[in-house]
Structures are given as C-alpha cells and as structure tokens.
Amino acid sequence: MALAPGLRDPVHDAQRVFRAVMDALARPGRVQALTLALAPPAPLTPELAAVALTLADADAPLWLDPPLSASPEVAAFLRFHTGAPVVAEPADAAFALVSDPARCPDFAEFAQGTPAYPDRSATLVLALDRLAEDGRLVLEGPGIRGRAHLSAAPLPPDCAARLAANHARFPLGIDLLLAAPGRLAGLPRSTRVTEA
C-alpha cells in the first residue's frame, strides 16, 4: 500500500491551516478559506486531512467515524503523517474526523473536558458539502458582533438541540470545525446557536 503524500510545504502549509483554524474559532460563523494541494485517500477529504495533519500528533489521538475507519489507507496515512494514535472510542480522542456528519455520534460521547481542565475536550471536524455565511443557523457569543448566520450541510438532524446542550455545558463541551471544499468555519462551545 503506497502512502499518499502529506502537506506539500509542511511548515508553511501547516501555518496557513493553523491560522485558518484559529480565525474560525475566534470568529464563529465567519468562513475562512482553506485551499491546499492535498490528495488524501478517500473518503478522507483534503480539508479533514489538512486539519488533522496540522493539529494531531502523538499526544493528540484521533477518532475516525465508521466510513473513515473502514479504510486502512486512511488510518495509515494519518498515523504516518501525524504520529497520532487512532483510538476506537470517541471519549479517548482529542480530535474526531467525521466524514458522514448526518450520522455523527451524540456530542456528549466525546471528551467534554473537566472543571479543572476544560481544554481536555475534543474538537470535532465535520466534512460538509456546503458552508456559507447565510442561512438558518443564528450564532451569538464571543467573537461575534451582534449575530452571525451560517448555513452548513449536511449536519445531524438534531444538530440545533445538540449545539444548545453543548453550549449549556460551557466551559465544558466540544468545539466544532466545519470543513467544506476550500472552506472552514468554527463553532466553539462558547457560541450560542439557534435556528431562525
């Protein structure tokens, strides 16, 4: 099995992805550009791969949803390029890669952090088809002047309720990165999300 190449310019590409991730989480609902020449094994998308190759390492385990975990090439690609262990349980992961967001496990199944260490929670990275700064999701909270609107698909059918429950756990809870082709947006746990 031949491994697909990782980031073409590892230092500069990782810096660009890291900046996009930080901007997405600091400005919830603001869509960031995320374009890289990256061709990971299917069904891993270039955006999921870019985030994983930038953030995961030997101390930041990855959880892969069933379509991703069914591909030995995906696990081998991620292990080789990140050094991150791939874990079987969502609660053991620092980062979760979700290629089928409509079937994402309940957010409460992932690491929520602890009162002493809220940063020990998981970040979920969801592969979407569509992401835009309009739509029915209404975002309020830190990093947002007034309100922001976001459309994102596909999402779990009960996503608004999941996001409300996640926000209610603050400072515990998970953070979300939404990754569509060439685009990235963040929904940190501090953001209140309702539907218009």
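**Notes on one predicted model**

A127 lies in strand β5. Before I go on, please keep in mind that this is a predicted model.

Is A127 buried or exposed? Its relative accessible area is 8%, and the cut-off for buried is under 20%, so A127 counts as buried. What does A127 touch, if we leave aside the neighbours within four places in sequence? Its contacts are T45, L48, V98, S99, P101 and A179. Take T45 from that list. A127 and T45 are 82 residues apart in sequence, yet their C-alpha atoms are 7.1 Å apart in space.

Another of those contacts, L48, brings us to helix α2, as L48 is one of the buried residues there. Helix α2 covers residues 46–55. How many of its 10 residues are buried? The count is 9, so the helix is largely enclosed by the rest of the structure. By name, the buried ones are E47, L48, A49, A50, V51, A52, L53, T54 and L55.

The loop between β1, residues 32–33, and α2 holds P43. The peptide bond that joins A42 and P43 is cis, with omega at about 5°. There is a cis bond between F170 and P171 as well, and here omega is about 15°. P171 sits in the loop between α5, residues 159–168, and β8, residues 175–180.

Now to the charged side chains. Side chains of opposite charge can pair when their charged atoms come close. How many salt bridges does the structure hold? There are 8, and I will go through some of them.

Begin with E140 and R192, whose side chains form a salt bridge with an N to O distance of 2.3 Å. E140 belongs to strand β6, residues 130–140, and R192 to strand β10, residues 192–195, so this pair ties together parts that are 52 residues apart in sequence. E140 counts as buried at 18% relative accessibility, whereas R192, at 38%, is partly exposed.

Next, R27 and D23. These two form a salt bridge, with the closest N and O atoms 3.3 Å apart. R27 is partly exposed, with a relative accessible area of 36%, while D23 is buried at 15%. What else is linked with D23 and R27 in a network of salt bridges? That is R19, so the network reads R19, D23 and R27.

R103 pairs with D100, and the N to O distance in that salt bridge is 3.0 Å. R103 has a relative accessible area of 66%, which makes it exposed.

Last, the surface. Which residues form a negative surface patch? They are E89, D92, D106 and E109. Of these, let me place E109: this residue is in the loop between β4, residues 95–98, and β5, residues 123–127. E109 has a relative accessible area of 43% and is therefore partly exposed. Strand β5 is also where we started, with A127.

How values were computed: Residues are numbered from 1 along each chain as its sequence is written. This is a predicted model: local features need pLDDT of at least 70, side-chain atom pairs count only at pLDDT 80 or more; totals for chains, interfaces and linings use all residues. Side-chain values use heavy atoms; hydrogens and water are left out. Patches are made of residues with over 30% relative accessible area and no salt bridge: like charges are joined within 9 Å, nonpolar side chains (Val, Leu, Ile, Met, Phe, Trp, Tyr) within 5 Å. Accessible areas come from the Shrake-Rupley method with a 1.4 Å probe; for residues, only the protein chains shown count as cover. A salt bridge is a side-chain nitrogen of Lys or Arg within 4 Å of a carboxyl oxygen of Asp or Glu. Lys and Arg count as positive and Asp and Glu as negative; His and the chain ends are not counted. The place of a charge is taken as NZ of Lys, CZ of Arg, CG of Asp or CD of Glu. Helices (H or I, at least four residues) and strands (E, at least two) are DSSP runs, numbered from the N terminus. Buried means under 20% relative accessible area, exposed over 50%, partly exposed in between (1.4 Å probe, protein chains only). Contact means heavy atoms within 4.5 Å.
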